[in-house]
Amino acid sequence: MTTPALAGKLRRSSRPAIVGALVLALVSCPLWGGDGARSTLIFLAYHAALAQMWNLLAGYAGLVSFGQQLFLGLGSYTLAIGCERLGIGVWPAFALAAVVAGALAVPVGALTFRLKGGYFAVGSWLVAEVFRLLFGNWGYVNHASGMFIRAARSVDPWLIYYVAIGVLIGMVALVVATLRSRIGLALMAVRDAEDAAAGLGVHVWRVKLLAFVIAAAGTGLVAALIAVQTPFIQPNATFSIEWSASISFMAVVGGLGTIEGPIIGAAVYVLLQQQLGGNGAVHLIVLGAISVVVMLVAPRGIAGLVRDRLGWTLFPIARRAPSRSPPP
Amino acid sequence: MQLFETLLNGLLLGGLYGLIGLGLSINFGTMRVVHLVHGDLIVLAAYFLVVVLVPWGLPPLAAAAVVVPLLFSVGWAMQRFLVGRSLGRGVLPPLIVTFGISMVLQNGLLLWATADARTLQSSLSSSGVQIGGLTVASVRIVDFAAGLACLGLLLLLLGRTALGRALRATSDDASTARLMGIDPRRMYAAAAAIAAATGGVAGVLMAATSTFYPSTGSATLLIAFEVVVVGGLGSLTGTFLGGILLAMAQLLGARLVGPSYAQLTGHLVVLLVLVFRPQGLLPRTAP
């Protein structure tokens with residue numbers, strides 16, 4: 001066996017080992033970590049999950065949205081209303097959050113897909129603004145002063161931890177499975193050349209809507225989890241454009257169009273948050289400035305740099321044309 | 001009669017809204033980029049006027065004459081050194097770059113000028129004019145006149161000058177324009193500078209018309225976006241009419257539903273237009 005082939009085999013076989021070690025480390029956290037490690041990892045997990053959902057849109061479906069805070073708001077309000085107004089319990093309300101956010105994504109997508117490119121990005125932001133104002137004027141949810149979710153106070157923090165880790169792993173698995181399927185191929189074709197994809201028989205609108213609904217449901221679910229942990233929500237915070245700022249930062253800095261990128265980006269975000277915490281304005285200036293520099297200097301992000309330098313990726317989802325064997 | 005007064009005020013305020021949208025329309029028309037910094041540029045102009053120039057003792061009119069060329073240069077430099085470098089690689093890079101600049105600018109304003117409400121105190125903003133028994137704020141008459149004048153100047157510039165012809169050629173087909181000796185990057189910088197200069201005028205008027213905060217940049221960007229979508233992409237006159245429609249919707253909402261519903265009514269009217277007339281009021285006809 002020649003050395004490059006051996007190296008290739010090693011790289012391939014190291015993937016399950018790395019993923020397995022990461023999962024094991026996360027699952028065994030109660031054995032080695034305390035409250036600090038737990039809350040940091042919960043924070044990391046839900047940010048990585050949010051970035052993963054945005055990556056599905058912007059990195060694969062070509063839909064750059066600055067309106068995902070709409071689904072954050074819907075998810076957290078579904079949880080709050082389910083717990084405080086309908087009394088259905090924390091975890092049923094948590095599951096319902098994904099359903100409500102995903103269901104609302106259908107009409108929202110049907111409307112905003114009429115706008116293309118940058119106008120879609122701002123159009124989705126506008127819809128989120130509409131819902132921020134609606135919830136702020138709605139007496140049933142205490143107007144803009146927000147809701148305290150009393151039922152969530154008794155939830156064991158380690159349970160929240162395992163749900164957060166489970167949500168992240170589930171979303172990574174879902175995105176990998178989607179992208180390796182025909183739908184993933186169709187999505188990437190639409191991202192790279194919409195008209196050509198349509199010409200080859202891809203239902204562009206339907207495929208985009210599917211990605212939009214998956215991302216909305218996932219975002220709503222994560223938002224409900226954040227609300228369980230916090231447990232207080234306000235329309236001006238949960239529907240805030242600042243979510244789009246941090247989500248797009250993580251996806252761009254980590255590397256769009258890769259699975260590991262958003263997770264790396266979330267880790268960078270958490271480190272920055274711990275260094276800068278306290279002052280929101282400085283934090284947002286740093287996020288904005290880094291996004292601009294990364295986009296101009298290394299548009300493929302950290303994961304893209306690793307892939308270019310080492311030719312290695314943790315979750316292979318790229319497709320290559322079968323190589324022709326050299327003539328004998 | 002009160003309803004008529006609201007509509008008249010909406011028409012006049014619409015001049016300012018239309019002006020806010022013109023810059024976004026020029027940027028998109030020339031380089032197909034939705035320039036997310038536009039709202040913050042307008043607010044930057046307003047802050048520069050109120051926090052720097054007026055305390056120096058400059059009369060508002062002379063201060064406005066400083067703000068507009070300043071914004072022109074800011075728009076040019078931002079295009080040449082940042083936004084221009086993100087072009088040609090799809091939809092995402094210019095969006096991320098302009099969104100990032102917007103965050104830096106908006107939060108920079110927050111650190112520098114605090115979150116306090118600001119406004120330009122002048123004799124104009126406190127006085128009213130009677131027109132046939134209806135009362136309108138005099139500053140809104142200035143808004144409308146200035147917005148209309150900017151629209152007229154831009155239409156003349158684009159339709160009747162060599163620069164306008166080059167801009168339109170770049171918009172239609174940048175690579176062919178390059179063959180004719182036009183440098184698209186210079187045209188993009190010119191368009192961004194002109195757009196920012198209209199933002200300077202809008203910022204001066206906004207400072208005189210209403211109170212503003214650093215976060216007003218986002219609200220202003222949404223106004224620009226709404227006005228352009230309602231007016232029809234690619235038509236400056238449509239953008240101006242879109243401004244009038246949006247302002248009327250907001251003031252009607254405030255009067256009929258309640259003062260806290262102005263923004264919401266405006267947004268909902270825009271979404272209705274998107275449902276029933278997605279091409280907008282005056283879409284650019286096919287060439």
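With 15 C-beta neighbours inside 10 Å, R32(B) counts as partly exposed, a class that lies between buried (20 or more other C-beta atoms within 10 Å of the residue's own) and exposed (12 or fewer), with C-beta atoms placed from the backbone. This is a predicted model, in which local features need pLDDT of at least 70, side-chain atom pairs count only at pLDDT 80 or more, and totals for chains, interfaces and linings use all residues. Residues are numbered from 1 along each chain as its sequence is written, while chains are lettered from A and ligands numbered from 1 in the order in which they are written.

R32(B) is found in the loop between α1 (2–31) and α2 (38–53) of chain B, where helices (H or I, at least four residues) and strands (E, at least two) are DSSP runs numbered from the N terminus. Although R32(B) is not a glycine, its phi is positive, at about 60°. Most residues other than glycine have a negative phi. T114(B), also not a glycine, has a positive phi of about 60°; this residue lies in the loop between α4 and α5 (123–126) of chain B, and it counts as exposed because it has 12 C-beta neighbours inside 10 Å.

## Chain B

Chain B has twelve helices and two strands. The strands β1 (residues 128–131) and β2 (residues 134–137) of chain B pair in the antiparallel sense over four bridges, pairing being assigned if DSSP finds at least two bridges between two strands. V129(B) has V136(B) in β2(B) as its bridge partner. β1(B) and β2(B) form a hairpin with two residues between them, and G132(B) in the turn has a positive phi of about 55°.

The radius of gyration of chain B is 19 Å, which agrees with the value near 19 Å for a compact globule of 287 residues; the radius is taken over C-alpha atoms, and the globule rule is 2.2 Å times the number of residues to the power 0.38. Along its principal axes the C-alpha trace of chain B spans about 60 × 45 × 35 Å, and 54% of its 287 residues count as buried.

## Chain A

Chain A has 15 helices and two strands. Its radius of gyration is 20 Å, close to the 20 Å that the globule rule gives for 328 residues, so chain A is as compact as a globular protein of that length. Of these 328 residues, 47% count as buried, and the C-alpha atoms of chain A fill a box of roughly 80 × 50 × 40 Å, taken along the principal axes.

## Contact between the chains

The contact takes 34 residues from chain B and 31 residues from chain A, two residues being in contact if their C-beta atoms, placed from the backbone, lie within 7 Å. On the side of chain B that touches chain A, the elements that give two or more residues are α4 (92–113), α10 (216–231) and α12 (262–276) of chain B, and α4(B) provides the largest share, 14 residues.

## Nonpolar core

A nonpolar core is a set of buried Ala, Val, Leu, Ile, Met, Phe, Trp, Tyr and Cys residues joined through C-beta atoms within 7 Å. In the largest such core, of 201 residues, A97(A), A211(A), L225(A) and L49(B) touch the most other members. Helix α9 (residues 184–209) of chain B gives the most to this core, with 18 residues.

## Confidence

The model scores ipTM 0.95 and pTM 0.93. Chain B averages a pLDDT of 93, with 99% of the residues scoring at least 70; pLDDT is the predictor's confidence in each residue, from 0 to 100.
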